There are 2 protein chains.
Amino acid sequence: MDDPLTYRDAGVDLDAADRAKRALGPLLDAAGDENTLSGPGAFGGLYAMPRGMSEPVLVSSADGVGTKLKVAFMCGRHDTVGRDLVNHCVNDILVQGARPLFFLDYLATGEMDEGVVAAVVGGVARGCRENACALLGGETAQMPDFYAPGEYDLAGFVVGVVERERLVDGAAVRPGDRLVALRSSGLHTNGFTLARTIVFERMGLGVDDPFPGEDASAGEVLLRVHRSYLAEVWPLLERGWIRALAHVTGGGIAGNLPRVLPERLGARVDIGSWTVPNVFSRLARGGGVAGAEMYRVFNMGVGMILVVSPEREAEVLGALGDVAWGLGEVVRGRGVELAGGR
Amino acid sequence: MDDPLTYRDAGVDLDAADRAKRALGPLLDAAGDENTLSGPGAFGGLYAMPRGMSEPVLVSSADGVGTKLKVAFMCGRHDTVGRDLVNHCVNDILVQGARPLFFLDYLATGEMDEGVVAAVVGGVARGCRENACALLGGETAQMPDFYAPGEYDLAGFVVGVVERERLVDGAAVRPGDRLVALRSSGLHTNGFTLARTIVFERMGLGVDDPFPGEDASAGEVLLRVHRSYLAEVWPLLERGWIRALAHVTGGGIAGNLPRVLPERLGARVDIGSWTVPNVFSRLARGGGVAGAEMYRVFNMGVGMILVVSPEREAEVLGALGDVAWGLGEVVRGRGVELAGGR
């Protein structure tokens, strides 16, 4: 007769899970807002619909951090990826004109390390606060033999709201409209499988080595937090100045800008209009990556693109300040032409 | 000089990802409802808030399938886990009185196998249809060196709605209230790390071997789909007959029922009131698992518990039919006492 089995013998420690959940309690308590009606123990999170809207449309998006997580594992730094995730999700609904209401996370790990769980969820909570969005709940799953020791996956879901008549769907975009770029902070959360190969294999760097051309380590450069554009873009949305918005994620400028343009319209992007940040040029050189491939995989310094009327461009650029510049224009046709360069 | 690198060399195939996404298009198109305002290409999914509610409260929950996925991998069967996930999430908001509006999934995999992705997301879409809920969007992430070949993780997130005055929060529960059980279909999505250890190691079964005492293989028994209780419970909620509802997930009856009872109230569960299904008794025997541990890890045949007034019990049992039975009662005190047995 074999020894009697327990859940813990099989690899799942319910007590550790309970401790991790209790440790998160105060963090989640503090992460609500005035519409949050539930505490952390509830099966589902409760959120009172904001009052006074005439035709509210809920806007929702799911995303993961992707293999940027591997850099966090290498650095032993777990408090930034949650902010990446929230900011990514918030940008994904912002481009349709929505402000975030609440967020939920999914954290899956092999072994439940309470310190790591608290750091990751703490980052999520901070990301939510920075976007004035409630952290309504989440799931922390213990999945031994799924994830390597010390590793985890992190995904999240955001729900926002917009008045139906204020939805930004690109329908108002016309040929000749201007593209305005908002700069990214770095890789954001895309292209990390390629970037890691280049930095850690081709360039032979460790996470603590200085990154060439930067006053920061390779780990710090790669972990720079995905920017949220809510604070910059929201006032412009409220004024009705924006005809379309694209979040530059996987697929780069050419993969994302066409998603928000009407049929039979494309864009001409002037690649001489900005200096590609150091991290991207070092990656291109370090990996011998072709220019076209670089623009297909990475944001190249452009985190978000606004489409505005020619008459509005100067005001928009003035309001945004030096994080923004004129990137190009909307043209008849389809797709994105990367033109110019210097 | 090393060879020039591409994203594909590094392990990410954007073309395969595009193909997988295109293959999902029709499936997602068909998964909307009359309130769905967006197509699959949008950054965020758009869902018009239902009209005519006076104080709508959004209810949201995130969950994963957990290591039940390992059984799906072993069986090469990928079309059921999506239904598990949707049903689990729907039950988690049903217990607060909400009906589901929409769902989003997160599917993370190492290599993008279009057939597997289509089967998994097809299961999610079917689960949504079965719960009259829109599949509003999702993320399919390609994360080489995170997931073993042929493996993936699957999480999801549901948003539902309830009128504030119809929220089920247990506040009306009184000592002497009756517990009504709804039977589970099997393990649902909890305890799989222990169950797999017992079935595949201690009992030495393969997924295609007959499961003792069942007219089905071990794989079939373990993959039985988590039941949604929406269809049974919703009419009772509409009639206002339910004072509290608990979804029996990780932690079993004793871990979940107290979550919905007011302070200073507990429950007495009569474990002689039902016959524990064969799968659980075989697991207990096969793993030599103590009874208390079994009840702490598994649902033991009880998928959901309703709390109703003593006057209402007979009507509720009559409406639910033979999937339900009287399980016990609410008592002063705290926690759950598992009493009786035969």
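**Salt bridges and the interface**

Tutor: Between chain B and chain A, the rule finds 6 salt bridges across the interface. This is a predicted model, where local features need pLDDT of at least 70, side-chain atom pairs count only at pLDDT 80 or more, and totals for chains, interfaces and linings use all residues. Side-chain values use heavy atoms, without hydrogens and water.

Student: What makes B:K70 and A:D145 a salt bridge?

Tutor: A salt bridge is a side-chain nitrogen of Lys or Arg within 4 Å of a carboxyl oxygen of Asp or Glu. The N to O value for B:K70 and A:D145 is 4.0 Å, so the pair counts as a salt bridge.

Student: How many residues does each chain bring to the contact?

Tutor: Contact means heavy atoms within 4.5 Å. Chain B gives 83 residues and chain A gives 83 residues.

Student: What area is buried between chain B and chain A?

Tutor: About 6,600 Å², with 62% from carbon and sulfur atoms. Buried area is the accessible area (1.4 Å probe) that two parts lose on being put together, summed over both. In chain B, the residues that lose the most area to chain A are B:L5, B:F43 and B:F146, together 14% of what that side buries.

Student: Why are strand β2 of chain A and strand β1 of chain B called paired?

Tutor: Strands are DSSP runs of E, at least two residues, numbered from the N terminus. Two strands pair if DSSP finds at least two bridges between them. Here 4 bridges join β2 (residues 56–64) of chain A to β1 (residues 45–48) of chain B, so the two strands pair. They run antiparallel, and A:V57 stands opposite B:A48.

Note on methods: Residues numbered from 1 in each chain as written. Chains lettered and ligands numbered in written order.
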